[in-house]
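Welcome! Please take a look at the protein below, and keep it in view as you read.

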Amino acid sequence: MNNKMLLAAGLLSLLAAPALADETQPKAEQVCLRIGQIDSWKVLDNQTLIVEDNSHQKFKLNLLGDCNGLTFRQKLGFKSIGGTDLSCLTAGDYVFTHVMAMHQRCPIKTIEVYTPEMEKADKAAKDAKQSQ
């Protein structure tokens, strides 16, 4: 009987070890750009937007393919599957453009926090491209 109890305890400890190990790993930062908190945006190109929220946090949205008319930015809309102002934009949600009575729905490929380092790298790339 004691051998069975010892074996059961050993198996349980082996099963619990991965779960305990997962708790010690740092969790990936949850990116949440709430639709109702969008304050402004800047278009880098037809596939990339920098969106700033009301607390001045910047996010980089990479779109799936070209979004024609994005650089005109007369009007942009954001649509989340959640459908409320509290919903966080995620991959698969949409950016809508409206240029001269034409609408385009552009799927979001990725969303990430736009760090100062990323901003410097984008500025350097833009400057290098302009100097050519």
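Predicted model: local features only at pLDDT ≥ 70, side-chain atom pairs only at ≥ 80, totals over all residues.

Residues are numbered from 1 along each chain as its sequence is written, and side-chain values use heavy atoms, with hydrogens and water left out.

**Overall layout**

The protein chain has 2 helices and 6 strands. Helices (H or I, at least four residues) and strands (E, at least two) are DSSP runs, numbered from the N terminus. Read from that end, the order is α-β-β-β-β-β-β-α. Of the 132 residues, 23% count as buried; buried means under 20% relative accessible area, exposed over 50%, and partly exposed in between, with a 1.4 Å probe and protein chains only. Among contacts (heavy atoms within 4.5 Å) with a separation of 6 or more, 47% join residues 24 or more positions apart.

**The nonpolar core**

In soluble globular proteins, nonpolar side chains tend to be buried together. A nonpolar core is a set of buried Ala, Val, Leu, Ile, Met, Phe, Trp, Tyr and Cys residues joined through side-chain atoms within 4.5 Å. Which members of the largest core touch the most others? They are Leu49, Leu61, Leu70, Phe78, Leu89 and Val95, out of 18 residues. Strand 1 (38-45), strand 2 (48-53), strand 3 (58-63), strand 4 (76-79) and strand 6 (102-113) each give two or more residues to this core.

Leaving aside neighbours within four places in sequence, the contacts of Leu49 include Trp41, Phe59, Leu70 and Val95. Leu70 itself lies in the loop between strand 3 and strand 4. The C-alpha atoms of Leu70 and Asn46 are 5.6 Å apart, although 24 residues separate the two along the chain.

| Residue | Relative accessible area | State |
|---|---|---|
| Leu70 | 0% | buried |
| Leu63 | 4% | buried |
| Lys60 | 14% | buried |
| His56 | 57% | exposed |

Leu63 is found in strand 3. Its C-alpha atom is 8.7 Å from that of Tyr94, a residue 31 positions away in sequence. Lys60 lies in strand 3 too. Apart from neighbours within four places in sequence, the contacts of Lys60 include Leu49, Glu112, Met118 and Asp122.

Where is His56 placed? His56 sits in the loop between strand 2 and strand 3. The phi angle of His56 is near 65°, a positive value in a residue other than glycine.

**The largest pocket**

The largest pocket holds about 390 Å³ of space. On a 1 Å grid over the protein atoms alone, a pocket is an open set of points where a 1.4 Å probe fits, with protein on both sides within 12 Å along at least five of seven lines; lining residues have an atom within 4 Å of a point. Of the 14 lining residues, the closest to the centre are Leu44, Asp122, Lys123, Ala125 and Lys126. Strand 1 and helix 2 (116-130) are the elements that give two or more residues to the lining, and helix 2 provides the largest share, 8 residues.

Note on methods: Points joined across faces, edges and corners; volume = space filled by probe spheres on them.
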